Structure formats: C-alpha cells, structure tokens
Amino acid sequence: MDALTLAVIQAGLQQVCNEMDLAFSRSAFSPVIAEADDRSDGIYAAEDGALIAQGEGGLPVFVGAMQHSAGHLIRLIGEGAVAAPEAGDIYIVNDPYLGGTHLMDVRFARPFFVDGELFCWLQNTGHWPDTGGMVPGGFSAHATEVEQEGLRLPPVKLFKRGAMDREILSIIQSNIRVAEQRIGDIKAQAAALLVGEKRLGELVARYGAATLKDAIALIRDRAAERMRAEIRRMPAATWRAEAFVDSDGVVNEPLRIALAVTRQGDTLTFDFTGSSKPCAGPMNSVWATTYSAVCLGVKHIFPDVPINAGTFAPLNIVRPEGTFLDARYPRPVSGCAAEVSQRIAEAVFLCLVQALPEEVTAAPAGTSGNFALGGTDPARGASYVMYQITGGGYGGNAHEDGLSNGCSTIGISKTAPVEVMEQYYPVLFRRFALREGSGGAGAHRGGFGVHYEVELLRGEARASFVMDHGRFGPPGVLGGGDGAPNEVRIHRGGTTTIPLHLSKDQGIALSPGDRVEVMTPGGGGYGAPYARDPALVARDVRRGYYTAAQAAASWGVAVTAEGGVDEAATAALRKGRAA
Amino acid sequence: MTRRIAGIDVGGTFTDLVMQEADGTIRIAKVPTTSANQAGGVLAAIEAAGTTPAALDLIVHGTTATTNAVLERKLAKVGLITTAGFRDVLELGRRTRPRAYGMSGSFEPLIPREWRREVPERMDARGAVVTPLDEAAVAREARALLAEGCEALVIHFLHAYANPAHELRAGEIVRSIWPNAYVTLGHALLSEFREYERGTTASVNAAVQPVLDRYIRHLQDRLAEAGHPRDLLVMNGNGGTVPARAVAQEAAKTVMSGPASGVMAAAATLAQSGVRNAITCDMGGTSTDVALIAGGVPEVSAELSIAYGLPIHLPMVDVRTVGAGGGSIAWIDRGGMLRVGPESAGSMPGPICYGRGGTRPTVTDANLLLGRLDPDALLATGRRVSVDEVREAFARDIGDPLGMTPEQAAEAVIRLANVLMAGAIRMVSLSRGHDPRDFALFAFGGAGPLHAVALAREIGIPEVFVPFRPGLTNALGCLVADLRQDVVNTLNRGLDDIAEDEIATVLAAQAARGRAGVEAGGAEVERIETRHVAEMQFRGQTHLIRVPLGSATPSRAEVQAAFEAAYFARFQVHLPEIRAVLVNLTTSVVGRRHAFDLRALAAGAAGEARLGTRRIYADGTWHEATIWRRESLAEGARIVGPAVLQQADATIILEPGSDAVVDSLGNLRVRA
C-alpha cells in the first residue's frame, strides 16, 4: 500500500473518532460529559477488540482501557454468554471487572457490519453522574464491596436492531439518582456511535473494506515500529520507582505501587511485583485501568504517538495478579480511575525520567482534588451537591519549571470559577490562591498547588473528599526536592481538625461559619537546586513564591531585603555543594 | 457621496491598501510592513497608491500592533489591585495544561505576582457588600505600584459584574493618583461573571493600551503633518470600527482584529453575490484561519483566546486557527509514516524555495515542485533557489525512504495536508452545529486559493468562491466595515426569576450606551441598527447558546420560546422540564456606513488574459495546464481545469475536472 493512502486512511479513522467525541459532548446533557469531556470514543477490531483508533479529545484515562472492554464483550459473545450482535444493536456495560474503570464509566458498543459481516466495533464510554450506590455520584470513600458503589451491568443490548429496550431502561432508571436526566445522555451516547457508523461507512465506500482492513493492519504495525524506535533510544537497563496512595479510605495505611521498568531489545516491560495486596476500601484498580494508566503515562511522555493497539504492543505490561492493581470481584474500585491511575502514571514517570532525563518531568500533583459539599440551602429551599476539583503543581523538567494549578494527569477538565460556585451554592471563598512554597526545589522547580478556603454560609451540610498525595509530596527527581503534600483542614466552631486519612473522608458535618481549607500538592523539583540560577531564585522570592529563608535553605541563595542576590553570601552557602 | 476612503490593513508581511476614489474607481497598493513602527508602512501604502493623506477624506485602519505586542510580550508594565485572597487568580487560571498529552509547558501571566496587590473588600454573588472597601489601602497600593514603575493599572474585584460600586470607587481614588488614563476597571470592559476570564481580559487591555495609544497618536500626528488632520476609524475584533480617539480605552478589542476584517470583507462580498453560507479559509504560512458565515452573518463568539492561558472574553468574530499552512514541514516519523506538520518552517527560515536557509521540505515547496506555483514569480527574498534543489530535498527526505519519485512525494504531501486541513475545518463547523457541505468555501490569503479546490473536494463542498482580490481581503474589510459597539451585562438568573420589564430595561440602557459610543466619533453613518442577543443555558449547563432577540422589549415568554427554538435547532432536543437561565444580555449597535459597491473592484478588466501553458502535476501525472492572468478575465469568462490563474496577490489552481466562471463582481465561482 502506498504511503499516501496509508496516511490518509489513518487520518480518516482518526477523524471518525474525533467526530464521535464531538457529537457525544455536544449533545450530552451532563456537565461531566458536555463540559469536562469525561468520555471517549473509538474503533475496535472485530476479532479481539484491539484498538484501531480513538478520539484525540477523549479523557486521557481511557487511552488503553476500552480495548479490554471490547475484548471481554467479544469473548462473552463467542462463549454464548451474551447474545450475538445484529445491525443496529448497542450493548451497554459498566462492569469494572470486564475491562472497565469504575461503575460510573458506562460503555456503549455497536457492531459495524460491511455486507453483512462484522467489520469492527464502535465503542464509547461516558461518565454518568450517578449509577446508584451508597453516596450520590458514586465516590464513596468507605465502600468495602462493589455493590455499595452502584448498579453493575453486564453486557446487555440496550438497543436491539435500532430500538431502545424500554424494560432494560426502566431497570436502570429505577436504580440511579436523577434518572429523568439520563435519557438525554443515553441518546447522546448512542447518537455518537451513529455518527461514527456513518463516517466510517463513507471511508469504506471510498477505499473498500479490503483496503481498509489492510491499512488498519499496517497502521498498527507502523505504530508499533514507532514505539519500538522510541524504546530503542533508551539504554538497556532496569529502572525502579515507588508511588504511594495515602490509604484506601477504610484502613489507614499507605498502599504501595512498586514498579520496575526494563528495556530489553525493542520491548519495555512494566512489572508491579511488590505492590500492596488488594485493599478493603475503594482504592483498588481493575486490570484494564492499571493497563490504561501505564499507556497514559507513556502517551504523556511521547504525546505524538497515535492511540492504537500497535503503539502499546511493545509495552509488556505484566498483569499484577494478587495486588491492589488487579482487583477482582467484589473489591470496591471507585477510586481507581481518578486517583490510583494517577499514582501508576507517576511511577511510570519516575522510572522513565531515569531513562530519558531530557524528556520526562518530575512527579506532578497527580490528584483530581475532588471535594464535594452536599446540603440544603434554606434561602432557596433546595438541596444541592457542590463539586470542587482543583489542580496542583506539575513537575519541573530539563527545560523549564513546572506548571502551576495543572489539571489532573488523567483529566482535561477545567475548574469552575469562584464566582460561579458562589452563584449556585451557599458558600463564600475566603481565598483562592497560589500555594506559596509548594513547588519542590530544583534546578527547575515544581509548579505550585492551590490554597483555597471556603466557608459555609447557610444551612447544614456534609463535606467529602477523595484526594491523594497527603502523606508524601510528589517526588522530585535527579536531585530535586519533593513538592508539598496535599493538606485538608476543617475549621469548625473555633477548632481545627485534620481528617484521619488526610486526603479522604466523607460525611463531615458542617454548620454555617465553618470552613474547609484545602492546599493541593506542588510538583516535584527537577535536578539539583544548587544548579538553579540565583537570579531566578531571587525573582521567586520577590514574587513571594518562597521566603528568603527557603531560598537559602533549599537553593543556597542569599536574597537581600531588596530582593537581589547577595553574591558573596550565596557563594558561601553554595560552597562545597555539587551543582 | 463623493468621498475618498482608504482601507489600510497592516499584516505580518505586507501593508495593504484598497481605496475608493470620489468617482467610485479603485486604487490598490501593497507595500512591506514596517514592523518597528507600522505608521511608516501606512504612509508608504498611501504613497504607493498614488495619492496623499491630504487627499483622503477618511482612513479606516486595521493594525496588528496589539496582536504582536501580546504574542511577543512587548507590553506595558501593568499593576493589579484586587480583592484580598484572590491576587493569584490570573496566574492559576482554570486548571488546564497547554496540550491534552504531555506534562510540560509553562505559562506566565501578563501581570507578574509582585505587581498584583490585594486590598480588603468583598461583594457576594448577589452584589451585597461582605467587606467594605479599604480606601486607604487602594491609595497606598496604587502609589506603591506607581513607584515600582507600572504604567497601566487594572482594578479587578470579585463579583464586580453584580455590583461595580467598589471598582468604581477604587477607580476614582486611583485616578486622583495615576498620572495617565491607563486605568482599566474589570467590569467596565466586560460585565460578565468568571473572574479569571474577566480579569485576564482586563489585563490584556491594560497591557496593550499604552502601546496602542502611542501608536495611534504617532500615526495621527504623521497623517496630520501630511495634511490629514481627521480622526481615523480603527478595526476591532468584532468586525466593526471605532474612532481612533476612543480606541485605546478598549484596546483589547483590537487584539484579534486582523482575522475579523477578512471575514467582514468576505461577508460583504458574499452578500453582494447572493451567497448566504460560506466557510472562509485564509491560509497563511504557519496557520489557517477558518470562520463561518451562516445566513449572511459572520458568527460571533465571546470565548476566544489569543494564546494558551489568555482568554479575551469580548464579543469577536469567531475565527478559529488551524495549525497548518504553507510552511508546514513534511517528514517521516520513526514508524515510517508520512507526516505533515505540526512543525512549521514559519517565515524564518521559511520553505526551502524562499532561500532564507530552510532545508526541510514544506507544503509550499511541494506546490513549487509540481508547477502549481510559478517559480519565476515567487516572492523569494533571500537566495535564489532552483527547482532542482527543492526536488532533491523531496527525494532525500520523503521520496527515497518511501519509494516514490520526488513528484509523487510532493503530491502526497499536498494531499495529506489537504486531508488534515479538511478534517480540522469539519470539526470547526460541526462544533457549531453546521454540516460544512451546506456551505461554499471562500478562499483568500496568499495560499488559500492554491489549495481551495482540492480542499473543497476533500470536505465535500461543491462550490469554491475566490474574491477578485484574495490577497487584499483584510484591507477591503476595513473599507466595508461599519462602526460597532457591543455592550454586555450578566444576569445569570432563572428566566422565571427575572421581572417582566427587567430585560427591556437592561436592553434600553445597553442600546443607549452603544449608540453614544457609535456617535462619539462623529464619523459619517447612514443609519444605526441595534441588535440584541440573549446568551442562555439550561440550569446546570455551562455552555451558552446565543439567542437573537427579535425585539428590544421581549416578554419572558418570548425569550423562553426563542431559546427553546435555538436549542432545538442546534441539538435536536426539547427539555421542557428544565429551567432556562438567562446568563448574559448583549446589545450590538452598528452604525452603517455608505455601502461600498464591489463591482468597482473588478472594473476595467482588460488585456490578454491567456498567458500560455505550464506543466502542473496532479493525480499522479503531469498535465499541460493553461495559465491565465486573473485580473484580465472579463465577466462571464469560463476557465476549465487544469488551469492556473495568476494574479499579483495570489495563485489559484483549478484541478483537472473543475471549472470556473467569473461573475459580475469579478469573483471566481469554481465548481469543484
């Protein structure tokens, strides 16, 4: 096949997925999909569900996950456990153990036929605002069984030959909150697959099914070759790193992710041996999510590689059986997509920065910073659930300081402005500020986290958190210091408390005048702090990012009262320190 | 109407002029932009057109002075006075990163932290005072910022859109201290909620205000010395103009004016030709600007950004930039796949054929190699480069590794570039609820007409529209633009919470303010038109839908019905059970200037049109294409592809199988 046809078909397949992403977001009703783009659309192989192409606008956490879901569906159909596909069918599934993430991520899969033969699958995932369970929204910090987290659906046909099965719909609607709004999202999710079917059909008509099939195979080979070429740039070695989840929300002990990455020949092996056992609380990860988190970390390092099965083929990700990164039924898993996945990506960064120090950053804040406040506003006479998400500092890298208030590693959604939050909810933000001193020291320092403080104005309310990096800050690399850890403080009736699990808690009762104060993590520093230009350290002090004492202690730079560098004192401080 | 009016647009490379004589005839000029001070190019353009400033009755001016200032960060030193606890809003933004994948990248706010000062004060979301304004602190911080050398100042308080009392009072205090007029109040420029976007818009305004003010004063002085003491009109990003004396006050509105004037020219051209729906495509060296004109009206957005982290939330012509252009570099990735872009050779070093040191093959080089660009007419400013050199580069970098001839490689590069651009254009139009196949493709700029026919085929667009002067479109936009003022206020309340007469009261006040702005310049307008738009959403959503209001005194029921109709038109969904929220009310007051008859542009087509033939490569083989001088084609002339139409400011390729007719305005209407 000529190079042009191949490149054009690759662009065409990508376009099909991008248009599905767009159609889904544009017509979805839930802000979590319409605004936060917490969804993903792709094309998957008929025989094994391998990823053919996936939308570039999808939420990064789904990069490698959905092919597992497609694979399970195909296997179950083959085993006769699930009814065979017919034109116009759409299967719905959210079972985390069948290639999923958490229950809120609901997948739709539609078979794509050419001349009566199954050619491939179109599939998408959307994060539903609720799928039942013990708390609204599904993120219970204390769940110990998946049944407490919500309704679990095996693959069933929600649409049969183009018509929605009202009976299945009514089962779903009877088990979830704000059910009446879901119908709009269901239609949007199904309509996106229809857009994909139409556009993919145009590609088939233009190039023919046989050419398309050949091109898909070649594109996969080329992507694999591309990744192998990136791998060959690394030295042959093994790199190790650890990352810790603060606790599982039930048992207050850190969960350890131990990762060893080995480059041997054209293959990169990811081995999680030594990671913690499955946990009691919801910080377990299912295999598809663990796999996807590794792919996500790699994609962040090589942003330009295409998202298809070929790209990930040279990655030998060893299934971490017996650990909390390969949770089996009935372990609760609601924290896997938002938090554990970010810790896994962090371990990938910390290993590979050793291999490619010019290209990989120190650890980013790596938490979604979920804070939920629920109550009744007496002024409106209505109940509410307020969600506040916050970013944190990114890690420094070989070329620049880390970004401040960057989005979670796995997400792309923005925070709501303070002015919007105060319009909708009975709260007043006392501050929304850069968290001074939070960026880890380094030749290139980490970016800064956020420091906010929010006061309840009216009515009683309950606060919940699912955050992370409260026990240890995001690690610095190559001599850089760690970023500041996450901190949560509850100010109630004149006393201040810190949640037992530091970054995770639920149902904290608040009265008017009580305040919640959150400080999100700073990014890790990159390289030895003593190599940093003293003029930049002095600038950071003038800006109030750090105190003069911190500049002296961390960077060995003496900053004068006027904000300049005291050259002599700096030389003395730095004497004998390796730059 | 016997007036001599000149539209003068300063672009990155050229300063263009289109001028209408008192008798209706047209003069044009194209001179190099003088980037250090754009005034030099403006005067040179007037001279090149064979006239003098003294002979002109009116100059309408489009400038990139503020655009360049922001992109190159050559800005005034700005201080900020803001609500205690919130000075970092401008630095923290909304929790984003520059790209979806990749954890690197950086952002520096326009106002560094040491010049962002806090004062005690606070309003709540309903505009009630929580903490009174500390007036002494305002004076203290203003003096401190002045001592630090700040030239401009922003006062930006939380919820000032709901109650501007503290900002207004702080403004009074500061103005008694500040030595110049460069004081921007956040709510005065943009009375919308969202503190980061409003504050950033204000900081952009303050940072470019002294730059624009100095430039316009200097230009006015130079013109006055040359005998033109009259006030200029200056283009804004909303596609309208404002009098020069008022433009600096809202300087941020000029930041994205360049692309807007091109779209306004397109709209005027299409309107006189009876075409109502078009996608405009202005392909340049590093990027391509795409806009939609639906029902004759350019789409407007108040949610554009000039760069990462720099949103400017003022109503502006909705021009989206696609990162592909003539300078996009062709390469083969580590997996052996042919790629085009996103890296661009830009203008320095530029494509190989520019002779400025470029060594990697680009889309423009591919066009040259395939005979689509005339090697003898190339605007090479550097060393003279032979076609053989370009051929060698395609062989070395693309052809040999992929087993193709250099010509096959070059054609593959153009095809792939078109496929990628077509995909991006589809996304731009689909994201606004339009199927691009219902539109014509309006191609302008230097490289737009070169790719337009192939691009239209790729998207499935049946008709390509190339205006008579594709390389002077922005200057023409200045000539045809009306005066315009947009006024916005945020209500952000459920429609059923709004008093029956409140909407009409707000609209009346906005219309009065806009009208005063239009009339302030004393420029000649034939009539004033006022348009009202409600920006609405269903409770719980954050995307806004623009709902044109048919009346200045609509009832709530009429607004509800208009919203539901607009929502259904876009999403095919009825949501009767959910409350509608009225977020913003926008009033646009347009002072219509005397309409410009575009027939004058193409008048006097004369001379031999046919220049001969040249080989061009298309569909895998060489074709003998006819070559035409575009300016000499008379009305009704029909050209069948393969053909190349050359003119001073652009080259148009008619692919084999396409054909074109010259219409009565001199436009080329191509059946792709």
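Mentor: This is a predicted model. Start with chain A, which is assigned domain 1 (3-221), domain 2 (361-527) and domain 3 (531-574).

Trainee: How many Å separate the centres of domain 1 of chain A and domain 3 of chain A?

Mentor: Taken over C-alpha atoms, those centres are 53 Å apart.

Trainee: Into which domains is chain B divided?

Mentor: Chain B has domain 1 (77-181), domain 2 (328-416), domain 3 (482-592) and domain 4 (604-662). Between domain 3 of chain B and domain 4 of chain B, the C-alpha centres lie 47 Å apart.

Trainee: What describes two packed helices?

Mentor: The angle between their axes and the distance between the axes. Take helix α11 (residues 387-402) and helix α12 (residues 406-430), both of chain B. Their axes come within 8 Å and cross at roughly 85 degrees. Therefore α11(B) and α12(B) are roughly perpendicular to each other.

Trainee: Which residues make the contact?

Mentor: From α11(B), they include B:Phe394, B:Ala395 and B:Ile398. From α12(B), B:Ala409, B:Ala410 and B:Val413 are among them. The residues of this contact divide into 8 nonpolar, 2 polar and 1 charged.

Trainee: Where do nonpolar side chains tend to be in soluble globular proteins?

Mentor: They tend to be buried together. Here the largest nonpolar core has 375 residues. B:Val78, B:Leu153, B:Val413 and B:Leu441 have the most contacts inside it. B:Val413 also belongs to the contact of α11(B) with α12(B).

Trainee: What is B:Leu441 in contact with, leaving aside its neighbours within four places in sequence?

Mentor: B:Ala278, B:Ile279 and B:Cys281 are among its contacts.

Terms used
Residues numbered from 1 in each chain as written. Chains lettered and ligands numbered in written order. Predicted model: local features only at pLDDT ≥ 70, side-chain atom pairs only at ≥ 80, totals over all residues. Core = buried A, V, L, I, M, F, W, Y, C linked by C-beta atoms within 7 Å. Buried ≥ 20, exposed ≤ 12 C-beta atoms within 10 Å, placed from the backbone. Contact = placed C-beta atoms within 7 Å. Domains from an automatic or database assignment. Axes fitted to C-alpha atoms, helices over the stretch in contact; angles between N-to-C directions. Helix = DSSP H or I, 4+ residues; strand = E, 2+ residues; numbered from the N terminus. Parallel < 35°, antiparallel > 145°, perpendicular 65-115°, else oblique. Nonpolar A, V, L, I, M, F, W, Y, C, P; charged D, E, K, R; others polar.
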